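Please look over the notes below on this structure. They are set out as numbered points, one topic to each.

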Amino acid sequence: MWQNKEEFDKRILPFYQDLLEEYIEQLLADNPNVIGFSTYFLNEHATVWVAEKIRKIDPNILLVIGGPQCNEIGWKKPDVFDYMFVGESEQTFLNFLENVENNELPDTPILGGLYNLKRVDLDSIPFPDYRDYVFSMYSTNKSICSELSRGCVARCTYCTEVWYWKFRGRNSNRVVDELEDQVVKYGVTFVHFVDSLVNGHLQGLKDFCEELTRRKLGFSWWGYARHDGRMDLDFYKLLKESGCTGLNYGLESGSNKVLKLVNKGNTVEEIQQNLIDAAKVGIASSVCLVVGAPGEETEYHNFTMNLVWNNRKRMFAVSPGSGLGDTPGSAYDDRKRFNISERDQTALGGWYTLDLKNTRLHRLIRIKILNILLDISQDHQGTIENYHGNGAIKNHYSIKYNTTTI
């Protein structure tokens with residue numbers, strides 16, 4: 001609903017319009033001359049709606065936009081915005097603001113870029129300043145975000161990020177210095193790492209955990225990760241000792257053939273061992289799945305179902321998704337290699353394999369069955385929460401068991 005303009009206007013906006021208008025009033029009360037927005041896949045229509053409201057009230061304010069959606073190939077800057085920032089924009093945005101203060105506006109509406117640009121030196125970025133941040137206003141009280149690295153070491157076929165971010169990590173001691181600064185000044189108790197993966201450089205992660213353990217700063221943390229066979233039980237013990245409470249993995253599939261098809265770079269055996277070791281030390285595991293990659297047959301999807309079921313007591317959440325997407329800039333630009341339809345051929349509701357064995361309908365059926373499995377898992381000692389579930393799936397199935405021992 002959020003990404004569909006008609007659905008957003010009809011079913012979402014009426015619930016949030018009063019709140020959005022209240023925030024617009026608060027923004028304008030400060031008499032700003034520049035207002036910036038960060039946009040991504042799901043908040044695009046809400047962002048444009050707010051910007052258009054502001055434009056009508058005060059057409060002299062410069063409206064700028066950045067964020068993940070601006071990095072998508074082929075995405076166009078909405079007309080309401082004066083400038084759009086593409087790529088890593090920390091320095092680009094600062095330069096822009098300095099020019100605005102000097103009444104020097106850029107000649108081009110698109111600032112920055114994705115490729116062949118000098119990357120931001122992550123260790124040169126100053127520590128965040130939370131002096132005007134009212135922690136008590138948020139349910140995640142005394143919680144902040146940070147990053148150990150930027151980019152990803154993998155080259156998954158469905159991903160667009162990896163083709164324009166260059167992976168690099170921060171100095172582990174500097175990260176700990178930053179977090180110690182936040183603990184001392186603001187009493188931070190939890191850190192959410194926003195890296196694409198905190199374990200892109202295992203030695204760097206190990207150094208970070210050892211330094212955290214040595215300093216005993218007293219906060220807990222969580223982050224995204226990829227399954228990696230080099231992370232053994234001792235590694236997970238170190239993670240736990242450093243304050244790690246959970247990791248969210250891009251598990252994607254329970255089939256080695258599918259993992260190879262999407263160029264995941266790991267195996268089901270590594271995934272299984274990571275889940276076992278994490279559970280042993282008390283680190284929670286949540287996972288994201290990719291359903292319906294080109295080449296995924298019904299048997300391979302069943303392997304994913306088996307993996308989820310067998311680990312229903314080791315996972316605390318699963319994101320089953322809505323089926324593999326098809327974004328320009330991914331490996332799926334090569335339609336011939338993957339035997340899939342051209343992007344302008346969507347008569348079947350989206351991309352499809354030319355043998356018609358994988359269409360939007362096939363993917364939706366698999367997702368529905370997966371949602372049913374997640375629901376059943378909760379009824380049989382499972383700890384899994386379906387991040388995309390709403391309880392309505394119970395109205396779509398009935399089940400009769402041939403055994404009493406499940």
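With which residue does arginine 215 form a salt bridge, and how far apart are the closest N and O atoms? Arginine 215 forms the bridge with aspartate 177, and the closest N and O atoms are 2.8 Å apart.

1. Basis. The model is predicted: local features need pLDDT of at least 70, side-chain atom pairs count only at pLDDT 80 or more, and totals for chains, interfaces and linings use all residues. Residues are numbered from 1 along each chain as its sequence is written, and side-chain values use heavy atoms, with hydrogens and water left out.

2. The sheet. Seven strands form an open sheet with parallel pairing, in the order E5-E8-E9-E10-E11-E12-E13. The edge strands are E5 and E13 (385-386), each of which pairs on one side only. Helices (H or I, at least four residues) and strands (E, at least two) are DSSP runs, numbered from the N terminus. Two strands pair if DSSP finds at least two bridges between them.

3. Strand E8 and its neighbours. E8 covers residues 190-193. Strand E5 (residues 143-146) pairs with E8 in the parallel sense over four bridges, and serine 143 stands opposite phenylalanine 190 there. E8 also pairs with E9 (residues 220-225), again in the parallel sense, over three bridges. On that side, serine 220 in E9 is the bridge partner of phenylalanine 190. From E8 the chain crosses through helix H5 (residues 202-215) to E9, a right-handed β-α-β crossover. Right-handed means that, with the strands pointing away from the viewer, the path from the first strand over the helix to the second runs clockwise.

4. E9 and E10 (residues 244-252) run parallel and are joined by five bridges; tryptophan 222 has glycine 246 in E10 as its bridge partner. The chain passes from E9 through helix H6 (residues 233-242) to E10, and this β-α-β crossover is right-handed. Further along the sheet, E11 (residues 284-289) pairs with E12 (residues 315-319) in the parallel sense over four bridges. Valine 318 in E12 is the bridge partner of valine 287.

5. Salt bridges. A salt bridge here is a side-chain nitrogen of Lys or Arg within 4 Å of a carboxyl oxygen of Asp or Glu. The count by this rule is 23 salt bridges. To return to the opening pair, arginine 215 bridges to aspartate 177. Arginine 215 lies in helix H5 and aspartate 177 in helix H4 (residues 172-186), so the pair ties together parts that are 38 residues apart in sequence. Aspartate 177 is partly exposed, at 35% relative accessible area.

6. Arginine 131 forms a salt bridge with aspartate 129, with the closest N and O atoms 2.6 Å apart. Arginine 131 is exposed, at 71% relative accessible area, whereas aspartate 129 is partly exposed, at 42%. Aspartate 228 forms a salt bridge with arginine 230, with the closest N and O atoms 2.7 Å apart. Aspartate 228 counts as buried at 8% relative accessibility, while arginine 230 is exposed at 59%. A network of salt bridges links Glu88, Glu90, Glu147, Arg150 and Arg168.

7. Helix H3. H3 (residues 90-101) has 12 residues and reaches 17 Å from its first C-alpha to its last, close to the 16 Å expected at 1.5 Å a residue. The expected span is 1.5 Å times one less than the number of residues. Just after H3, asparagine 103 takes a positive phi of about 60°.

Terms used. Buried < 20%, exposed > 50% of the residue type's maximum accessible area, 1.4 Å probe, protein only.
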